[in-house]
Amino acid sequence: MEYIEVRIKEIIQETMTHGCHRVVIDDLDSTFRIPIFMSSADAMPLLGLLQGENSLRPRPHDLLLNFIDMANYDIRNVKITGFEKGIYRCEIVIINTENTINLEARTCDGFFIALRRKIPILLNRSVGERVAGIKRFRHLTPNEKLRELEHKLELLVKNEYYEEAAILRDRINKIKS
């Protein structure tokens with residue numbers, strides 16, 4: 001499998017959906033953007049890390065990191081490996097001299113660990129192509145971008161991802177007006 005290194009570009013509180021945040025990831029060249037939706041409880045610790053804040057008390061992620069250190073493992077990277085039924089699959093890759101372990105995790109937990117340890121976040125290329133239709137949007141005309149977004153909207157509705165479809169529909173309407 002081929003992976004693309006990504007980063008958390010921004011975290012935005014959704015105004016249409018109370019208690020929901022959109023974590024936007026992009027590649028290092030900023031050629032595509034993928035929104036990942038998560039609860040405020042999951043997004044706020046990420047936002048704090050991005051803003052350089054330190055929690056006064058350890059978080060559950062810190063407990064895991066301490067355990068990994070005590071077991072003489074290192075964390076290599078965090079991988080977004082799949083996308084099924086609107087949910088991203090994530091793995092934290094930990095290694096020592098003898099073993100490599102792919103530890104399944106929620107995406108928000110993987111992001112927290114990647115930010116805390118300053119390790120790469122990798123996106124499976126085929127997942128990115130399927131989810132975002134990774135294309136170089138910068139090179140498309142405004143009409144081509146709009147057609148791409150409308151096509152993505154059709155796919156979201158067809159696959160019954162109504163919440164994401166509603167957000168995209170609003171974005172399309174804003175572009176048209």
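This is a predicted model: local features need pLDDT of at least 70, side-chain atom pairs count only at pLDDT 80 or more; totals for chains, interfaces and linings use all residues.
**Notebook: loops, sheet, cores and salt bridges**

I looked up Lys118 to start with, and it counts as exposed, at 73% relative accessibility. My cut-offs here are under 20% relative accessible area for buried, over 50% for exposed and partly exposed in between, using a 1.4 Å probe and protein chains only. Residues are numbered from 1 along each chain as its sequence is written, and side-chain values use heavy atoms, with hydrogens and water left out.

Lys118 isn't a glycine, yet its phi is positive, about 55°. I found Lys118 in the loop between α3 and β7 (121-124). Helices (H or I, at least four residues) and strands (E, at least two) are DSSP runs numbered from the N terminus. Lys85 is also a non-glycine with a positive phi, about 50°. Lys85 sits in the loop between β4 (74-84) and β5 (87-95) and is exposed, with a relative accessible area of 74%.

**The sheet**

What order do the strands of the open sheet take? I read 7 strands as β3-β2-β1-β7-β4-β5-β6, with mixed pairing. The edges are β3 (33-39) and β6 (100-105), each pairing on one side only. Pairing takes at least two DSSP bridges between two strands. On average, neighbouring strands of this sheet are turned by 35° against each other, direction ignored.

Next I checked β2 (residues 20-27), which pairs with β3 in the antiparallel sense over 7 bridges. Arg22 stands opposite Phe37 in β3. Helix α1 (residues 40-50) lies across β1 (3-13), β2 and β3, and runs at about 120° to β3. Axes are lines fitted to C-alpha atoms (for helices, over the stretch in contact), with angles from 0 to 180 degrees between N-to-C directions.

**What is packed inside**

The largest nonpolar core has 37 residues, and Met38 and Phe111 are among those touching the most other members. A nonpolar core is a set of buried Ala, Val, Leu, Ile, Met, Phe, Trp, Tyr and Cys residues joined through side-chain atoms within 4.5 Å. Helix α3 gives the most to this core, with 5 residues. A second, separate core of 7 residues includes Leu149 and Ile172.

I listed contacts (heavy atoms within 4.5 Å) for Met38, leaving aside neighbours within four places in sequence: they include Cys20, Leu46 and Phe111. Thr107, in helix α3 (residues 107-117), is buried at 8% relative accessible area. With residues up to four places away not counted, Thr107 touches Ile36, Tyr88 and Cys90.

**Salt bridges**

How many salt bridges does the structure hold? I get 10, each being a side-chain nitrogen of Lys or Arg within 4 Å of a carboxyl oxygen of Asp or Glu.

Arg7 and Asp26 meet at 2.8 Å, N to O. Arg7 is in strand β1 and Asp26 in strand β2, so the pair ties together parts 19 residues apart in sequence. Arg7 is partly exposed at 29%, but Asp26 is buried at 1%.

Lys176 and Glu150 meet at 3.0 Å, N to O. Lys176 belongs to helix α6 (residues 162-176) and Glu150 to helix α5 (residues 142-158), so this pair links parts 26 residues apart in sequence.

Arg106 bridges to Asp109, with the closest N and O atoms 2.9 Å apart. I also noted that Asp42, Arg106 and Asp109 are linked in a network of salt bridges.
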